[in-house]
Amino acid sequence: MSTATTTTSATTTMSVVQPRQQELLHLTSTPDITPYTRHGYLFGQKLAASMSPLLHSIVYSHLSLNWAQLRLDSPSIPLFLQLAQHPDFYGASVTMPHKVAIIPHLDHLTPECRDVGACNTLFLKTDPATGRRLYCGANTDVIGVRESFVQNVSDPARVYESRPALVIGGGGAARSAVYALHKWLGATDIYLVNRDKSEVDAVIAECTERGYGDRLVHVASVEQAEGLEGPGAIVACIPDFPPKTEKEILARRIVETFLMKEEKGAMLEMCYNPSPYTELGALAEHEGWQVILGTEALIWQGIEQDKYWTGRTNEELPIQQIKEVIAAKLAEASKSHTS
């Protein structure tokens with residue numbers, strides 16, 4: 001776990017930003033914290049299908065902690081900041097659409113959070129000089145990407161190290177993938193394929209500004225893909241929808257061109273909802289690629305979060321139990337989705 005932090009340029013607003021009056025009216029509908037010794041939140045929108053609270057409940061049960069992560073489905077950052085001041089609050093998973101917007105309200109950022117420009121984890125520290133509670137931001141999505149490859153690929157030197165990599169998509173997950181591939185997984189060039197050129201341009205500009213965008217390559221045509229060395233690692237960061245528009249179809253054809261190259265590697269399919277078994281994953285597997293399910297990234301980023309919140313190590317956390325419960329939950333969800 002990275003514990004080094006960087007002070008943000010803005011002074012913290014955790015104690016001064018207050019919910020507007022209409023937001024205060026919703027305080028009565030926030031989750032009930034009274035049964036728990038300590039509580040955290042999964043803060044974002046459209047959270048019903050998230051398995052994050054389930055994952056963390058396994059950890060807390062294993063450690064005999066009367067803790068809970070509670071869903072806070074809200075568009076209101078001021079409301080969240082108000083709730084986060086409770087003395088029994090331990091931290092939060094921050095998801096869309098708040099991963100970037102929460103950053104100006106934090107006291108410190110880890111290097112990964114700063115360099116990716118997105119926060120998915122809020123944890124607490126105490127200022128040793130003043131005793132004041134500090135609100136800190138981390139990005140554990142990058143750990144989820146890294147560990148998905150490290151834990152599942154038996155021969156990284158052959159499969160993906162010192163080879164190009166490919167990231168499919170242009171959102172926050174794609175930024176985390178670029179960072180992990182660049183910093184830890186030994187990628188040379190990193191190819192970007194996406195239906196929207198403006199999103200790719202934004203990723204390249206932001207990564208360049210933060211010091212790791214010099215080897216990003218936007219692959220915009222099948223002909224360009226045919227002339228490039230094949231990737232060893234692929235991270236797919238798009239929903240499991242069949243391509244329909246002209247730009248979506250072109251992006252899929254470019255990806256297929258890479259998949260059909262003679263030398264294969266490993267692909268992390270980040271999409272796991274409603275099922276981790278996606279059309280793109282099936283295509284990669286058919287072409288001879290090792291496919292790593294997106295639940296691996298979910299599990300490893302969640303474990304990293306609990307290391308921040310509980311102070312425990314990997315060896316103290318029930319990793320195998322988490323994997324078994326998540327797999328069972330996904331099998332159940334997949335069965336109901338196809339029936």
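1. Buried here means under 20% relative accessible area, exposed means over 50%, and partly exposed lies in between, with a 1.4 Å probe and protein chains only. At 18% relative accessibility, Cys237 therefore counts as buried. The structure is a predicted model, in which local features need pLDDT of at least 70, side-chain atom pairs count only at pLDDT 80 or more, and totals for chains, interfaces and linings use all residues. Residues are numbered from 1 along each chain as its sequence is written, and side-chain values use heavy atoms, with hydrogens and water left out.

2. Overall make-up. The chain has 13 helices and 13 strands; helices (H or I, at least four residues) and strands (E, at least two) are DSSP runs, numbered from the N terminus. Of its 339 residues, 51% count as buried. A contact means heavy atoms within 4.5 Å. Among contacts between residues at least 6 apart in sequence, 77% join residues at least 24 apart.

3. The largest pocket. What is the volume of the largest pocket? The value is about 1700 Å³. On a 1 Å grid over the protein atoms alone, a pocket is an open set of points where a 1.4 Å probe fits, with protein on both sides within 12 Å along at least five of seven lines; lining residues have an atom within 4 Å of a point. Grid points are joined across faces, edges and corners, and the volume is the space filled by probe spheres set on the points. The lining has 49 residues, and the closest to the pocket centre are Met96, Ala173, Cys237, Met270 and Cys271. Strand E4 (89-94), helix H5 (141-150), helix H7, helix H10 (246-259) and helix H12 (294-310) each supply at least two lining residues. The largest share, five residues, comes from H12.

4. Helix H12. How many of the residues of H12 are buried? The count is 17 of 17, so the helix is mostly covered, given the definition of buried above. The expected span of a helix is 1.5 Å times one less than its number of residues. For the 17 residues of H12 that gives 24 Å, and the end C-alpha atoms are 24 Å apart, which agrees. Just after H12, Gly311 takes a positive phi of about 75 degrees.

5. Helix H8. H8 is followed by Gly211, whose phi is positive, near 95 degrees.

6. Most residues other than glycine have a negative phi, and most peptide bonds are trans. A cis peptide bond joins Met96 and Pro97, with omega about 10 degrees; Pro97 is in the loop between E4 and strand E5 (108-109). Lys46 has a positive phi near 60 degrees and is not a glycine. Lys46 belongs to the loop between strand E2 (38-44) and helix H2 (52-62) and is exposed, with a relative accessible area of 81%. Ser162 also has a positive phi, of about 60 degrees. Ser162 sits in the loop between helix H6 (156-159) and strand E8 (165-168) and is exposed at 61%.

7. Helix H2. The buried residues in H2 include Ser52, Pro53, Leu55 and His56. Ser64, which follows H2, has a positive phi near 60 degrees.

8. Cysteines. The structure holds zero disulfides, a disulfide being a pair of cysteine sulfur atoms within 2.5 Å. Cys119 is in no disulfide; the nearest cysteine sulfur, that of Cys113, is 4.5 Å away. Cys119 counts as buried, at 0% relative accessibility.

9. Asn120. Is Asn120 buried or exposed? Asn120 is buried, with a relative accessible area of 4%. Asn120 is found in the loop between helix H4 (111-116) and strand E6 (121-126). Leaving out residues up to four places away in sequence, Asn120 touches residues including Ala92, Lys99, Asp141 and Gln305. Asn120 and Phe43 are 77 residues apart in sequence and 9.4 Å apart in space, C-alpha to C-alpha.
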